[in-house]
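Me: Could you please take me through this structure, one topic at a time?

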Amino acid sequence: MAMLEIDDINKSFGGLQAITDLNLKVNEGEIVSVIGPNGAGKTTLFNLITGVYKPDVGDIRFEGNSITGLKPDQIVDRGIARTFQNLRLFTNLTVLENVLIPQHHKLKSTWFSAVFRTPGYLRREQQMREQALEKLSFFGPRLMSFRLYQPVYVLSYANRRRTEMARAMATGAKLLLLDEPSAGMNPKETAEITQIIKRMRDEGGYTILLVEHKMNLVSEISDRVVVLDYGQKIAEGDYQDVVNDPKVIEAYLGKKAEGDEAQNDQLTEGDGRTS
Amino acid sequence: MLDTQKRHRNTILNFAAIGVLIVFLLIIDGIGSVKLEQAFALFAIWGIAAVSLNLINGTTGILSLGHHGFMLIGGYITALLILSSESRARIANSARSQMNEFTLGLSIKNWFEALGLNALATDDTLWLRFIVAIVIGGIISMIFGLIVGIPSLRLRGDYLAIVTFGFGEIIRLLASTRLFAPFTNGSLGFSGVPSEFGKSLWWTFGFLAITVFVMAKLKYSSYGRALQGIREDEIAAEAMGVNLAYHKVLAFAISAFFAGIAGGLWVSWLATARLDVFLFTLTFFFLVAVSVGGTGSVTGVLIGTALVVFVRQYGDPLEESYTLWQWLLAGGVLLLAAAVATLIYRNIRRLRPRLNASIYIVVGLGIIALLIGLFAASGGQLQSEYRAFGMRAIILSALLVIIMIFKPDGILGQAEFNWAWLFRERKDQPTDEERAQDAWLTGPELSKRLEAAETREASAETAGESSEAN
């Protein structure tokens, strides 16, 4: 049984059909990449899985149980966490607090025992701190020591991305949805984040579904690639097979018209000159 | 210093601070000035209300304007439950009374007597009945907080602010309707509420201490972090597993409970419970206290409350009549003070030019006002008296404007006063070792310079040692 099963989901916003009859399976321990041109419905897919939107038709199952129609926080409880494309950190809070908040839903103590700092609460608080440090240490010393106590707004963009990934891991989820984890990072940082995603699967035991535009990252770590276009799945499989699929090439570059070849050549030449 | 040592130091300092506060209250108590005592008691009562409002407005980031409604509930219930038998008899005999047999019998004293606890129904044990009454008031206020919290699940921002404001007003108006008049005695209210609690420094500061303790501990617990997460980004908080509905309603309920307590003390301070002491202006004062002191900071809110209360209580001289030349002198001094303050501010912020045209104008105007006030005082016009009604409110507003210009987040911002801050201990600053490590991470070429500096230092030290040896 696959970990995440998406059966024929549809989602439309008014007259715009964002997702059409989408089927997707993610097995445990896999890294699956979702790629596609802008507006293909990748982020909508993430929003559907995490409960921000409810599918019009269809069912989403996680570990065999339907999660359709659950609220985002209930879905996190089941074990799916996400990162956001344009960073949604708790900017005025410290890095440590950012990684402690996602563990709050696992806290069994009442607010009363939290106020009076009962031994049970203090023990759990200690566990939460250890968990937070463990998750942050995935990213090396960058977010450790004094950075733990810095508010997020002083961090660099790459460090914020790392914090967000650590925050998603800290929820205790088994399936992580990463929305463009390398956006805004330079090639060196992208290479590093690629290794980290790999380690998250190998050492952390997470299953990962990610949206990404950087093809070198996708080619390096994906077990499987799913291509979306206009809300429909147009290809699925190994990276090499997918990028050579004529439908995918069409979706990204457009159809080659008859007798268009000469023009195309000119275009590429022009590009060569300007760059 | 080690972390445990720091913790011990902070505990010792906390107890010392409490001791200092107690000594301070003893001194105020000893001075025996009724006005001073009342001012401090009012500070504590409004402090409770402002700190509890801060839980919704500051920590959870929901603008709520219905705090006077919660206070009204707590206040009326406390008043009704501890009203003396003489006051009850007076109300019962009054022709305009709207209360009936049943509501007049709602008294903790009666209940204690019915339970056979006659020892607790004497005049000596009024304090116990007061505690019971105020807690009941708080709990019922809390229930209303739960009800008001529910719309907060669907509404956001300004819309929610309007709903909470509406709730506050609905509660106040409901209290005057025929349906609830038997409980509230309509627009007459109750007079003769025992005032020894609201005017006592020990009672009010005791409740304030409890409130501050709960709020501070809550803020730095997992629940407080979740609430702050909601403030920072609701969508992200939900995506990280924070149950928005539960936490928002929790914030409203806890806040309403303490608002109810503050209401109970407030009617005791006033010695009457009337509808016109629970107007929206009350919430407005707390909002000013929260924004001036620092939205989200408990200690900041207390500073803001102190400002609001003491301007209110000691602002009487501002509203007396003075001759025109006295006004001119005061205006001139204020203008010069403003110029000096601006100069200091520009110096600290290193703004250039130090003296700009506006400062010259302000100084000029100030000097002109002073000169006219001093040397033309005998002129007929200048001897006439003027009175500035509402000067207190003007001063308070001016203070608010100045603080909002120079410190938009309030005096303390979101920061909290703590001992580490006093000792300038900052965990978010790297030690030299960490700085070197960090430099190496961001650019190994930088660390060479650091290494070179280190070796230079080391060699200098050894040189020093050797010279000492010689």
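Reply: Let us begin with one residue: Arg274(B) is partly exposed, with a relative accessibility of 31%. Buried means under 20% relative accessible area, exposed means over 50%, and partly exposed lies in between (1.4 Å probe, protein chains only). The model is a predicted one, in which local features need pLDDT of at least 70 and side-chain atom pairs count only at pLDDT 80 or more, whereas totals for chains, interfaces and linings use all residues. Residues are numbered from 1 along each chain as its sequence is written, chains are lettered from A and ligands numbered from 1 in the order in which they are written, and side-chain values use heavy atoms, with hydrogens and water left out.

Me: Which residue forms a salt bridge with Arg274(B)?

Reply: The partner is Asp276(B), and the closest N and O atoms are 3.0 Å apart. A salt bridge is a side-chain nitrogen of Lys or Arg within 4 Å of a carboxyl oxygen of Asp or Glu. Asp276(B) is partly exposed as well, at 46%.

Me: How many salt bridges does the structure hold over all chains?

Reply: There are 27. One of the pairs joins Asp233(B) to Arg88(A), with the closest N and O atoms 2.9 Å apart. That pair crosses between chains: Asp233(B) sits in the loop between α11 (222-232) and α12 (234-239) of chain B, and Arg88(A) sits in the loop between β6 (80-82) and α3 of chain A. Helices (H or I, at least four residues) and strands (E, at least two) are DSSP runs, numbered from the N terminus.

Me: Are those two residues buried or exposed?

Reply: Asp233(B) is buried, with a relative accessible area of 12%. Arg88(A) is partly exposed, at 25%.

Me: And what does Arg201(A) meet in a salt bridge?

Reply: Its side chain meets that of Asp223(A), at 2.8 Å from N to O. Arg201(A) lies in helix α7 (residues 187-202) of chain A and Asp223(A) in the loop between α8 (215-221) and β9 (224-229) of chain A, so the pair ties together parts that are 22 residues apart in sequence. Arg201(A) counts as buried at 19%, and Asp223(A) as partly exposed at 36%. Elsewhere, Glu5(A), Asp7(A), Asp59(A) and Arg61(A) are linked in a network of salt bridges.

Me: Back to the two chains. How much area do chain A and chain B bury between them?

Reply: They bury about 3,400 Å², of which 64% is on carbon and sulfur atoms. His104(A), Trp111(A) and Phe146(A) supply 21% of the area that chain A buries against chain B, more than any other three residues. Buried area is the accessible area (1.4 Å probe) that two parts lose on being put together, summed over both. The contact takes 41 residues from chain A and 37 residues from chain B, where contact means heavy atoms within 4.5 Å.

Me: How many salt bridges are there between chain A and chain B?

Reply: The count is two. One of them is formed by Arg225(B) and Glu125(A), whose closest N and O atoms are 3.1 Å apart. The elements that give two or more residues to the side of chain A that touches chain B are α2 (72-78), α3, α4 (111-115), α5 (119-136) and α6 (157-170) of chain A. Among these, α5(A) gives the most, with four residues.

Me: Now, the rings. How many aromatic pairs are found over all chains?

Reply: A search of the whole structure finds 26. Phe40(B) and Phe310(B) form one that is edge-to-face, at 5.2 Å centre to centre and with 65 degrees between the planes. Rings of Phe, Tyr and Trp (its six-membered ring) pair if their centres lie within 6.5 Å; planes under 30 degrees apart count as stacked, over 60 as edge-to-face and the rest as tilted.

Me: Which cluster do ring pairs link?

Reply: The cluster holds Phe24(B), Phe40(B), Phe43(B), Phe205(B), Phe310(B) and Tyr314(B).

Me: Lastly, where is Asn98(A) found?

Reply: Asn98(A) is in helix α3 (residues 95-100) of chain A, and it is buried at 0% relative accessibility.
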